[in-house]
Amino acid sequence: MTEDWRPRHAALLEALAASGELPGAWRPAFAAVPRHHFIPADIWEQRATCVPVTTDAAWWDLVYRDVPIVTQVDDGQSDGPAIATSSNSMPTMVARMLTALEVADGQRVLEIGTGSGWNAALLAARLGSRNVTTVEVDPVLAEKAAKVIKDAGYSPDVVWGDGARGWESGAPYDRIIATCSVRRIPYAWVRQTKPGGLILAPLAGDFWSGALVRLDVGGDGVASGRFVGGARFMPMRSERPRPDAPVDSGT
Ligand SMILES: C[S@@+](CC[C@H](N)C(=O)[O-])C[C@H]1O[C@@H](n2cnc3c(N)ncnc32)[C@H](O)[C@@H]1O
């Protein structure tokens with residue numbers, strides 16, 4: 001992994017900006033936090049199944065393409081069926097969600113689903129590390145992400161826990177962003193968001209692949225909002241489909 005990444009990084013930023021997905025307010029953060037830094041050596045390309053990437057050239061090619069990259073399969077167990085259990089999201093989707101989050105300087109953000117740590121580092125670059133907390137349910141991933149984020153020069157609070165409960169000790173937040181999908185917004189997220197704050201999360205059920213919902217949190221403990229586009233994300237760990245589970249139609 002010694003290739004000169006700069007032209008690829010610059011080209012990805014140009015493409016995001018040209019497609020209107022990377023507003024000026026986020027460009028310095030994307031420029032300062034190159035994607036490859038957060039991608040481990042072992043990765044998989046998501047096709048019909050997860051296909052391991054086996055050469056340096058293919059690794060670099062995938063890292064600077066506008067596609068999601070699978071960074072863990074089978075919760076890190078070997079000899080499994082190679083089901084994606086963590087990924088570094090598609091850059092367009094990352095930029096789109098960060099833009100939809102409508103952050104302002106000094107605001108405090110909780111991210112649910114640290115994964116590779118890229119999104120948390122982008123938030124830290126934009127808002128300052130002390131304003132960012134990120135929760136990851138997988139202890140190995142949480143530890144790895146904390147290290148790569150630190151190596152990149154940022155120090156948000158990276159915590160191991162179940163993001164369905166938010167992260168009480170850092171609350172209240174101005175923004176909560178989830179990068180795993182949920183069937184319903186956990187009420188803990190509403191409680192932990194300041195009145196006037198915002199929650200952005202992919203919602204998904206058994207019969208639909210997902211949509212991004214943006215909720216405004218009121219002072220009365222009610223959050224309301226609308227869908228702001230499609231978003232396919234892996235489900236929150238406790239909400240993975242089980243063959244024996246009753247089907248949730250999303251109604
Ligand atoms: C699409 S990846 C996140 C991408 C990440 N934001 C990044 O920048 O690479 C989804 C992550 O959510 C994590 N996750 C799943 N359920 C969770 C939960 N209950 N609490 C916190 N994290 C969870 C998964 O382990 C996985 O790492």
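**Ligand shell and nonpolar cores**

By class, the shell around the ligand comprises seven nonpolar, 14 polar and four charged residues. The model is predicted. In total, 25 residues surround the ligand. The closest are S86, S116, E136, D162 and G163. Three secondary-structure elements, β4 (84–88), α5 (118–127) and β6 (132–136), each contribute at least two residues to this shell. The largest share comes from β4, which supplies four residues.

A nitrogen atom of the ligand lies 2.8 Å from an N or O atom in the side chain of D162. An oxygen atom of the ligand is 3.0 Å from a backbone N or O atom of N119. At S87, a polar backbone atom is 3.4 Å from a ligand oxygen atom. Taken alone, the ligand exposes 600 Å². The protein buries 98% of that area.

Attention then turned to the packing of nonpolar residues. In soluble globular proteins, nonpolar side chains tend to be buried together. The largest nonpolar core in this model has 45 residues. Within this core, W26, F30, L122 and L123 touch the most other members. Two or more residues each come from α1 (6–18), α2 (27–32), α3 (56–63), α4 (91–100), α5, α6 (139–151) and β9 (193–205). The element that gives the most is α5, with seven residues.

The surroundings of L123 were examined individually. Leaving out residues up to four places away in sequence, L123 touches W26, L98, L101, V109, E111, G128, V132 and I177.

Beyond its neighbours within four places in sequence, A231 is in contact with M93, P202, S209, G210, A211 and L212. The C-alpha atoms of A231 and L200 are separated by 11 Å. Along the chain, these two residues are 31 residues apart.

Definitions and conventions
Residues numbered from 1 in each chain as written. Predicted model: local features only at pLDDT ≥ 70, side-chain atom pairs only at ≥ 80, totals over all residues. Heavy atoms only, no water. Near = heavy atom within 4 Å. Polar contact = N/O pair within 3.5 Å; in protein donor to acceptor, adjacent residues only side chain to side chain. Areas by Shrake-Rupley, 256 points an atom, 1.4 Å probe, with all protein chains shown as cover. Nonpolar A, V, L, I, M, F, W, Y, C, P; charged D, E, K, R; others polar. Core = buried A, V, L, I, M, F, W, Y, C linked by side-chain atoms within 4.5 Å. Buried < 20%, exposed > 50% of the residue type's maximum accessible area, 1.4 Å probe, protein only. Contact = heavy atoms within 4.5 Å.
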